[in-house]
Amino acid sequence: MSELSPEPQAGAAAIEALLEKVQAGDREAFMTITRLYQRKVFVLAYSILRDREDALDAVQETFLRLYQKAGLYRPGNSFQGWLLQMAKNISIDHYRRNRKKKQEWETTTPVEEMPLAAGPAREGDSAAADLRQAFARSVESLAERQKMVFIMRHYNELQFNEISEAMKISIGTAKSLHFKAVQNLRKRLAPVLGIGS
Amino acid sequence: MDEMRGMTPADRAEAEAVERLLGETAAVRDEIRRAAEAVDWQALPALIADRALAAEDGAAGRKAGAPVRLPWPAALRMRPALAGLAAGLIVGAAAMYLALKAPGPRPGRNEAYYASGEFLDRAELEMARRGAVDYLEKSQYVLLDVFGSDEAGPVAPASVRMSQARDLLQKKKYLNGQLERFQMAKAKALCDQIEMLFLELSQIDDELPAAELGRIRGFVEERQLLLKINLVKKELESGV
């Protein structure tokens with residue numbers, strides 16, 4: 001069980017039964033599924049969006065879409081993979097919309113009206129904060145598939161087989177993308193980490 | 001640490017770098033944990049369920065005959081493809097209406113073949129006039145040829161005379177319709193008299209005897225055919 005997603009896992013048969021009820025409009029069944037997977041979806045959304053409110057919006061939208069499209073789930077496939085794929089797509093859509101809005105806001109708002117990025121840094125926190133920011137920027141700049149595999153592996157703490165189901169790629173591809181992501185991050189963060197590239 | 005024992009210094013440095021790098025993910029996980037702690041996970045499923053059911057009720061209401069009435073431009077704004085299609089249909093219909101309504105050549109047709117009904121009538125009248133003038137002129141030549149030599153007999157041989165008469169008889173058949181259609185009564189009456197004469201000439205296949213020649217000449221002179229031909233030709237040429 002993931003450290004960040006402490007909900008109990010449900011068996012495939014139980015999930016399929018719940019989905020059938022959801023299709024029939026069963027509110028309780030829908031709430032049960034939401035309760036089981038809401039944190040996993042939140043972690044993935046937050047990892048992409050890095051904002052709590054945006055992540056919660058993405059969580060709601062993911063489960064609303066699940067309610068509408070429950071009939072499209074194919075029994076036998078990984079439900080978690082299917083749901084996380086939806087969450088990933090919704091979060092990426094949010095991210096793109098937010099980035100566009102942010103760019104527009106930055107180009108139209110006078111500099112003096114923009115809020116300061118951070119308050120005065122405390123002694124000792126500065127280096128750690130710099131590293132964290134550099135790390136976040138480097139993850140952000142990874143190619144999309146590398147970024148998704150890295151996020152799912154390290155933030156969602158998914159196994160490679162779960163990542164392959166969520167991204168509809170082979171396990172070998174998932175491992176390869178993860179390796180490339182780590183290498184790229186290492187290369188980009190070499191000056192900050194004080195290691196040779 | 002045990003794993004690093006057999007490594008070269010370079011490999012060890014690399015492994016440490018990656019470890020330190022991945023250690024940063026712990027900081028992000030802490031950030032996610034803090035963000036998650038502020039969420040009311042107990043209330044969220046009910047909130048989402050309410051929204052899902054409300055959305056479904058709204059959709060069902062619309063399906064059940066309670067359409068959301070939007071002013072049509074707003075509806076089109078919401079559906080760019082539909083708006084584009086509708087605009088295309090309107091513009092296309094307007095263009096087709098204007099093209100079919102306007103006088104003149106139709107789009108897609110070869111303009112070289114276009115002519116109005118009035119123009120065609122005028123052209124046919126002109127052709128009938130020219131046809132009649134041509135017929136009269138040729139008839140005049142034949143008559144002059146036949147009667148050009150006084151007592152010495154016709155200049156042209158019998159075979160040529162017969163052939164010319166038959167050609168003109170043939171032509172007269174086509175001319176009849178045009179003369180009648182455009183009510184060219186004077187020209188038609190003259191052409192009819194000449195036709196009778198040529199009919200007679202075409203049936204005489206040997207050289208004209210002097211008596212026969214005299215009789216036909218008398219007919220021509222009596223009717224003043226050559227004079228009439230000149231007058232009618234001038235009338236036709238002047239367009240009266």
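Predicted model: local features only at pLDDT ≥ 70, side-chain atom pairs only at ≥ 80, totals over all residues.

Colleague: Where does Ser47(A) sit in chain A?

Modeller: Ser47(A) lies in helix H2 of chain A, which covers residues 27–49.

Colleague: Is Ser47(A) buried or exposed?

Modeller: Ser47(A) has a relative accessible area of 5%, and it counts as buried because the cut-off is under 20%.

Colleague: Which residues does Ser47(A) touch, leaving out those up to four places away in sequence?

Modeller: Within its own chain, Ile151(A), Tyr155(A) and Asn156(A). From chain B, Ser47(A) touches Ile32(B).

Colleague: On to the interface, then. What area is buried between chain B and chain A?

Modeller: About 3,400 Å², with 68% of that from carbon and sulfur atoms. Leu21(B), Ile32(B) and Trp41(B) lose the most area on the chain B side, together 19% of what that side buries.

Colleague: How many residues are in contact?

Modeller: 30 of chain B with 36 of chain A.

Colleague: And how many salt bridges are there between chain B and chain A?

Modeller: Two. Asp50(B) forms a salt bridge with Arg27(A), where the closest N and O atoms are 2.4 Å apart.

Colleague: Which helix gives the largest share of the chain B side?

Modeller: H1(B), with 16 residues. By class, that side has 20 nonpolar, one polar and nine charged residues.

Conventions: Residues numbered from 1 in each chain as written. Chains lettered and ligands numbered in written order. Heavy atoms only, no water. Helix = DSSP H or I, 4+ residues; strand = E, 2+ residues; numbered from the N terminus. Buried < 20%, exposed > 50% of the residue type's maximum accessible area, 1.4 Å probe, protein only. Contact = heavy atoms within 4.5 Å. Buried area = accessible area lost by both parts, 1.4 Å probe. Salt bridge = Lys/Arg side-chain N within 4 Å of Asp/Glu carboxyl O. Nonpolar A, V, L, I, M, F, W, Y, C, P; charged D, E, K, R; others polar.
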